[in-house]
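This report covers selected side chains, an aromatic pair and a pocket. The sequence and structure come next.

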Amino acid sequence: MKIELIEPTGPSIYMDHLKKKGPGVHHVVLKTDESYTDVLAMAKKVSGRDPRLEVKFPDGTPIVAYADIEEEAGLLLEIGCN
């Protein structure tokens, strides 16, 4: 198990979450054999929303995304690529 403790020091999705909900769980990480694209599609199917944040390399290769399932689960789902 890995636990990240994040203290936002400026504008960010972490600061937005802290202001909206107070201290607590911001996101959990999903590790799966499914493709990044498939997992994002499944999350969008559940929530109807695009990722809250998606980071890619300049060539378009995905690095990480936060699938927006906050209304359904109370947090974001971090999807990373190996």
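Strands, as named here, are DSSP runs of E with at least two residues, and they are numbered from the N terminus. In this predicted model, Asp68 belongs to strand S3.

**Asp68 and its surroundings**

With a relative accessible area of 9%, Asp68 is buried, because the cut-off for buried is under 20%. Its side chain makes a polar contact of 3.1 Å with the side chain of Arg49. When neighbours within four places in sequence are set aside, the residues in contact with Asp68 are Ser47, Arg49, Asp50, Pro51, Arg52 and Leu76.

The structure has 1 aromatic pair. A pair of aromatic rings is described by the distance of the centres and the angle of the planes. For Tyr14 and Tyr66 the ring centres are 6.3 Å apart and the planes stand at 85°, so the pair is edge-to-face, given that angles over 60 degrees fall in that class. Tyr66 is buried at 5% relative accessible area, whereas Tyr14 is partly exposed at 25%.

**Lys56**

Lys56 is located in strand S2 (residues 53-56). Its relative accessible area is 46%, so Lys56 counts as partly exposed, a class that lies between 20% and 50%. Apart from neighbours within four places in sequence, Lys56 is in contact with Thr61, Pro62 and Ile63.

The accessibility values for these residues are collected below.

| Residue | Relative accessible area | Class |
|---|---|---|
| Tyr66 | 5% | buried |
| Asp68 | 9% | buried |
| Tyr14 | 25% | partly exposed |
| Lys56 | 46% | partly exposed |

**The largest pocket**

The largest pocket has a volume of about 880 Å³. It is lined by 30 residues, and Glu4, His27, Val28, Val29 and Glu78 are the closest to its centre. Two or more lining residues come from each of helix H1 (13-21), strand S1 (27-30), helix H2 (36-47) and strand S4 (75-80). Strand S1 gives the largest share, 4 residues. By residue class, the lining consists of 16 nonpolar, 9 polar and 5 charged residues.

Definitions and conventions. Residues numbered from 1 in each chain as written. Predicted model: local features only at pLDDT ≥ 70, side-chain atom pairs only at ≥ 80, totals over all residues. Heavy atoms only, no water. 1 Å grid on protein atoms, 1.4 Å probe; cavity = no way out; pocket = protein on both sides within 12 Å on 5 of 7 lines; lining within 4 Å. Points joined across faces, edges and corners; volume = space filled by probe spheres on them. Nonpolar A, V, L, I, M, F, W, Y, C, P; charged D, E, K, R; others polar. Buried < 20%, exposed > 50% of the residue type's maximum accessible area, 1.4 Å probe, protein only. Contact = heavy atoms within 4.5 Å. Phe/Tyr/Trp six-rings, centres within 6.5 Å; stacked < 30°, edge-to-face > 60°. Polar contact = N/O pair within 3.5 Å; in protein donor to acceptor, adjacent residues only side chain to side chain.
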